[in-house]
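Biologist: I am new to this entry and would like to go through it with you. Could you show it to me, please?
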Amino acid sequence: MKITCVTSHVLQYDMPELLGYSQQYYNKRTAHLVEVETDEGVTGWGECFGPGNVALANKAIVETVIQPLIVGMDPMDRDVIWHKVYNLTRDHGQKGMPLQSLSGVDIALWDIAGKVAGLPISKLIGGRHRESVGVYGYGMMLRPEPVEELAARFVDEAAAIREMGFAATKMKIGLGAKEDLVLAAAVRRGVGDDFDFMADANHAYNTHDAFYVGRGLEELDAFWFEEPVAPEDHMGYAELRAGLKVNISGGEAEFSRWGWKALLEARALDIAQPEVCALGGITEYLRVLALCHAHFTPVVNHVWGSAIAVATNLQLLAAMPPLPGGLFPREPWLEFDTTDNKFRDNLLQEPLNIQDQVKANDGAVQIPAGPGLGVQPDRDFIAHYKIA
Ligand code: CA
């Protein structure tokens, strides 16, 4: 079997409202899907992390840098392809957009391998440790409005996410250390005392301010404090981890086994959040997962994007071994965005219906059992939203 063509589909629509995180507000939803075709008619799908114009630049990397390197190769040779592409792009970026682009291609190759074998990706990896996984719903995005108004909104939104049946919830912070604690207190009021919530700063802080926020989060019994400082600041992470009781999480902006090796050796994380659509695809994710577990660091995958990214992560979460194991292990969660996202809800021929499953199954969702990713995108839907 040979690869004949690699195509990026960049989808976009205008969102119904302006949402934000600590770095920016945004009003467009983007998804970057990768399609790999073969001479035997088997087609695989993948997804690259990266919104807006980043997706357009990544499309150029996928189609004009990676495609010529791999057309004619056997799509079953995933590891050979990974190393060929990585080695020939190493001089131009060991992190960031070249790895995001390779990720989408690699995921599509795993989809092809699953379709050829007639098995879901979780079975190719080594089998399913679980048939369903709990889902945490994130929301409470920043909006350009006064903190009191935002706090009132967060009380209601947090309560609504709990009411929807999610296993836990996550909020954005990053308005400033004092303002953030007003928002976090609002979320605690909204969900009540017996429910996990997490706070995501998207690296808004230096270590000093992160300690202030972290101590406040501890008093509110938050479960984790995500990306408190810049991803390059491994020592800052390690200091926060040593000095705070709240779990320190991060890693979505880290790439490849070599980036993760440095992060883990710095003892920077209580909870690792690898992003499979960015760090190098499933092939590299499995090496990063092994490194995390070698450091006894639990993993809760970072999930962002369309139903292809969600389906990819469902396969990975099924195949993730318990750490450290036992009768009552803390199970991984699926991260799920509760804000408007047509690319997650309506992209597939048979939708995953995550929200309905969460409501009906006490916060959990089934892992698809079909070959490969176990899902098929709707080409008419793609054509409708495709901008490049
Ligand atoms: Ca995050």
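Biologist: Which residues of α12 are buried?
Modeller: The buried residues of α12 are Ala 307, Ile 308, Ala 309, Val 310, Ala 311, Thr 312, Asn 313, Leu 314, Gln 315, Leu 316, Leu 317 and Ala 318. Buried means under 20% relative accessible area, with a 1.4 Å probe and protein chains only. Twelve of the twelve residues are buried, so α12 is largely enclosed by the rest of the structure. This is a predicted model, in which local features need pLDDT of at least 70, side-chain atom pairs count only at pLDDT 80 or more, and totals for chains, interfaces and linings use all residues. Residues are numbered from 1 along each chain as its sequence is written, and side-chain values use heavy atoms, without hydrogens and water.

Biologist: What lies at the start of α12?
Modeller: A side-chain oxygen of Ser 306 comes to within 3.0 Å of the backbone nitrogen of Ile 308 there.

Biologist: On to the metal: which residues are the protein donors of the calcium ion?
Modeller: They are Asp 200 (OD), Glu 226 (OE) and Glu 252 (OE), lying 2.2 to 2.3 Å from the ion. Donors are N, O and S atoms within 2.8 Å of the metal (3.2 Å for Na, K and Ca); water is not among the atoms, so sites may look incomplete.

Biologist: Where do Asp 200 and Glu 252 sit?
Modeller: Asp 200 is in strand β6 (residues 197–200) and Glu 252 is in the loop between β8 (247–250) and α9 (256–265), 52 residues apart. Both Asp 200 and Glu 252 are buried.

Biologist: And what stands opposite Glu 226?
Modeller: Ser 249 in β8 does. Strands β7 (residues 224–226) and β8 run parallel, joined by three bridges.

Conventions
Buried means under 20% relative accessible area, exposed over 50%, partly exposed in between (1.4 Å probe, protein chains only). Helices (H or I, at least four residues) and strands (E, at least two) are DSSP runs, numbered from the N terminus. A polar contact is a pair of N or O atoms within 3.5 Å; within protein, one must be able to donate a hydrogen and the other to accept it, and residues adjacent in sequence count only if both atoms are side-chain atoms. Two strands pair if DSSP finds at least two bridges between them.
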